[in-house]
Each structure stands twice: as structure tokens, then as C-alpha cells.
Amino acid sequence: PDDFIDVINGKSIYMPCLYVYNKIDQISLEEVDRLARGEHNVVISCNMKLNLDYLLDVLWEHLDLLRVYTKKPGQPPDFEDGIILRNGASVAHVCHAIHRTLANNTKYALVWGKSTKFSPQRVGLSHNMADEDVIQIVKK
């Protein structure tokens with residue numbers, strides 16, 4: 001009840017968090033199980049490299065990020081070096097992430113992936129990107 005009142009009064013701001021517990025190799029299995037069952041908890045061991053992939057997946061999900069890959073004309077997409085953006089990013093955001101003046105010089109973009117009905121689809125600057133989309137930017 002106090003949390004609700006604080007939000008209504010505007011006195012407190014609640015931010016989401018993630019608790020990461022390291023060195024799980026040094027405590028009992030029962031304690032690890034208890035910690036892992038908590039809400040927003042991740043248990044890892046950097047020394048033994050335990051659960052690091054799961055931590056990466058949970059961080060990716062909680063930060064609400066997406067990867068966009070670029071493609072040059074006549075070449076395959078570059079899946080090694082993606083652009084990391086916040087969810088809801090548009091083609092204009094991708095252009096700005098590549099170079100600050102690119103959005104002004106963009107005629108259209110070709111996009112392959114989940115955000116389009118066709119692959120490739122010709123889109124404008126306002127098109128919203130999805131995770132793991134591939135983009136080819138066509139300049140004026």
C-alpha cells in the first residue's frame with residue numbers, strides 16, 4: 001500500500017532492477033536454489049563460467065534492445081557487426097547510428113526481417129525495425 005501511495009503522491013520513482021549473484025560455486029545447492037527462485041534474480045559463477053549465457057539473455061530482455069544488421073548492395077549481410085538500438089527504433093534511428101547526416105540523405109531503405117511483410121520491402125524513415133532485421137540504405 002505504501003508503494004502505491006508513493007507513486008500517487010509522486011514522492012518516489014520505482015526503477016526496474018536485476019539482482020545478479022556471483023560466486024554460486026562457493027555456497028550450498030539449497031542456497032543457490034533459494035536465490036534463483038527470487039523475482040528478478042540471476043545466479044552466476046564467473047570463475048566456473050556457469051549461467052553466463054542465461055545472464056546475457058535476461059539482460060537483453062530487460063534492457064529491451066534490438067540488433068539491426070547492415071547490408072551493402074550486391075554483398076551478403078554483415079552479421080558480425082550489428083547496430084544495437086532500443087526497441088521501437090525506426091530507420092531514421094538506424095541512419096543516425098551509422099552517421100548523423102545519413103538520415104537527411106536517405107531516399108529509402110530495403111529491409112529484410114520480422115518487421116516487414118515482404119523480403120525485401122522498400123520502407124521510409126519512419127518504419128519501425130524489429131530484432132535481427134537487415135537493412136540496406138539507399139541514398140538520394
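Trainee: Leaving aside neighbours within four places in sequence, which residues is L85 in contact with?
Mentor: Keep in mind that this is a predicted model. In it, L85 is in contact with L65, L66, V68, H93, V94 and A97. Contact here means heavy atoms within 4.5 Å.

Trainee: What makes strand 3 and strand 4 a pair?
Mentor: A pair needs at least two bridges, and four bridges join strand 3 to strand 4, so they count as paired. The two run antiparallel. One example of a bridge partner is I83 in strand 4, which goes with V68.

Trainee: Which residues have the most contacts inside the largest nonpolar core?
Mentor: They are V68, L85, V91, V94, M129 and I135, in a core of 15 residues. Strand 3, strand 4, helix 4 and strand 5 are the elements that give two or more residues to this core. Helix 4 supplies the largest share, three residues.

Trainee: Why is the pair of Y69 and F79 called edge-to-face?
Mentor: The search finds one aromatic pair in the whole structure. Y69 and F79 are 5.1 Å apart, centre to centre, which is within the 6.5 Å limit, so they count as a pair. Their planes make an angle of 70°, and over 60 degrees the label is edge-to-face, so that is the name they get. The pair links distant parts of the chain, with Y69 in strand 3 and F79 in the loop between strand 3 and strand 4, 10 residues apart. Y69 has 10% relative accessibility, so Y69 counts as buried.

Trainee: Where does R122 lie relative to Y108?
Mentor: R122 lies over the face of Y108, at 3.8 Å from the ring centre. The distance limit for that label is 6 Å.

Trainee: Why is L125 called partly exposed?
Mentor: Its relative accessibility is 32%, between the 20% and 50% cut-offs, so L125 counts as partly exposed. L125 lies in the loop between strand 6 and strand 7. Not counting residues up to four places away in sequence, L125 touches S90, V91, A92, C95, A103 and T106.

Trainee: How many residues of strand 5 are buried, and which strands does strand 5 pair with?
Mentor: Five of its seven residues are buried. Six bridges join strand 5 to strand 7, where L110 stands opposite Q136. Strand 5 and strand 6 pair over three bridges, and A109 has V123 as its partner in strand 6. Both pairings are antiparallel.

Definitions and conventions: Residues are numbered from 1 along each chain as its sequence is written. This is a predicted model: local features need pLDDT of at least 70, side-chain atom pairs count only at pLDDT 80 or more; totals for chains, interfaces and linings use all residues. Side-chain values use heavy atoms; hydrogens and water are left out. Rings of Phe, Tyr and Trp (its six-membered ring) pair if their centres lie within 6.5 Å; planes under 30 degrees apart count as stacked, over 60 as edge-to-face and the rest as tilted. Buried means under 20% relative accessible area, exposed over 50%, partly exposed in between (1.4 Å probe, protein chains only). A charge sits over a ring if NZ of Lys or CZ of Arg is within 6 Å of the ring centre and within 35 degrees of the ring normal. A nonpolar core is a set of buried Ala, Val, Leu, Ile, Met, Phe, Trp, Tyr and Cys residues joined through side-chain atoms within 4.5 Å.
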